[in-house]
Amino acid sequence: DYMGECCALDAGLGVLLDELRLRGELDNTLVIVSGDHGPPGFPRAKANCYDFGVQVALAVRWPGRVPGGRVVSDFVNTMDLAPTICEAAGLAIPTSMTAQSLLPILTSLHQGQVEAGRDFAVSGLERHVSISRQGYLPYPQRSIRTAEFLLIANFEADRWPMGDPHGLDDLSIDVSSELEGSGEIRCSSFLTLMAARPRLGFLSIEQIKL
């Protein structure tokens with residue numbers, strides 16, 4: 001399914017770029033491509049504030065305005081895209097927008113840390129699927145990520161991040177032999193990543209990548 005979605009996106013994007021090229025507007029168009037947050041059903045992925053759950057792809061093309069061949073370490077947020085598009089179009093950025101335009105970073109010739117203030121990113125989540133818990137309970141969490149550390153606050157730490165376990169939290173049962181040959185896998189290490197977490201989680205960059 002994921003491969004099919006990637007192929008469909010690639011084909012659709014190709015159609016759009018071909019149309020811009022046909023109209024002679026390709027090099028005069030700011031093209032921005034991003035994606036959804038994290039694959040569902042995996043530990044630390046969708047509906048989590050770990051990198052796997054909040055990082056998304058972001059590709060920008062604007063010949064003559066956005067130079068390539070650089071590695072930029074600034075933290076950015078997809079909310080920054082709205083003011084970026086406004087500034088690129090020569091429009092005033094509405095005062096209701098609290099995000100910041102990425103245009104200074106995109107058009108810069110520098111690499112590394114371009115804007116000193118973009119040295120962290122914040123994320124938050126209340127719920128993903130309303131029916132994942134009895135009583136429609138949410139799983140509120142907030143995080144702040146720097147180049148070296150990640151701090152996550154889980155305000156309802158007794159709940160499982162992805163929803164009620166529905167029996168998966170019974171680790172007293174050795175299911176490895178019972179499920180042999182069935183194609184089903186259930187192991188304590190996997191469930192530990194899926195289960196309830198501490199109220200505060202503080203991870204180093206090495207732990208984040210585990």
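How many bridges join β5 to β6, and do the strands run parallel or antiparallel? I began my notebook here, keeping in mind that the model is predicted.

**Entry 1: the strands**
I found 5 bridges joining β5 to β6, and the two run antiparallel. As an example I picked isoleucine 152, whose bridge partner in β6 is glycine 201. Then I turned to the other neighbour I had in mind, β4, which covers residues 141-145. β4 pairs with β5 over 5 bridges, in the antiparallel sense. Here arginine 145 has leucine 150 of β5 as its bridge partner. I also looked up the link: a hairpin of 3 residues takes β4 into β5.

**Entry 2: the nonpolar patch**
Phe120, Val122, Ile144, Phe149, Leu151, Leu200 and Phe202 make a nonpolar patch of about 650 Å². I stopped at phenylalanine 120, which sits in the loop between α4 (103-106) and β3 (121-125). Is phenylalanine 120 buried, exposed or partly exposed? Its relative accessible area is 41%, so phenylalanine 120 counts as partly exposed, a class that lies between under 20% for buried and over 50% for exposed.

**Entry 3: the largest pocket**
Last, I looked for open space. The largest pocket holds about 740 Å³. Its lining has 28 residues, and nearest the centre I noted Val54, Gln55, Val56, Val76 and Ser123. α2 (51-54), β3 and β4 each give at least two lining residues. The largest share is from β3, with 5 residues.

Definitions and conventions: Residues numbered from 1 in each chain as written. Predicted model: local features only at pLDDT ≥ 70, side-chain atom pairs only at ≥ 80, totals over all residues. Heavy atoms only, no water. Patch = residues over 30% accessible without salt bridge, like charges linked within 9 Å, V, L, I, M, F, W, Y side chains within 5 Å. Areas by Shrake-Rupley, 256 points an atom, 1.4 Å probe, with all protein chains shown as cover. Salt bridge = Lys/Arg side-chain N within 4 Å of Asp/Glu carboxyl O. Helix = DSSP H or I, 4+ residues; strand = E, 2+ residues; numbered from the N terminus. Buried < 20%, exposed > 50% of the residue type's maximum accessible area, 1.4 Å probe, protein only. Pairing = 2+ DSSP bridges. 1 Å grid on protein atoms, 1.4 Å probe; cavity = no way out; pocket = protein on both sides within 12 Å on 5 of 7 lines; lining within 4 Å. Points joined across faces, edges and corners; volume = space filled by probe spheres on them.
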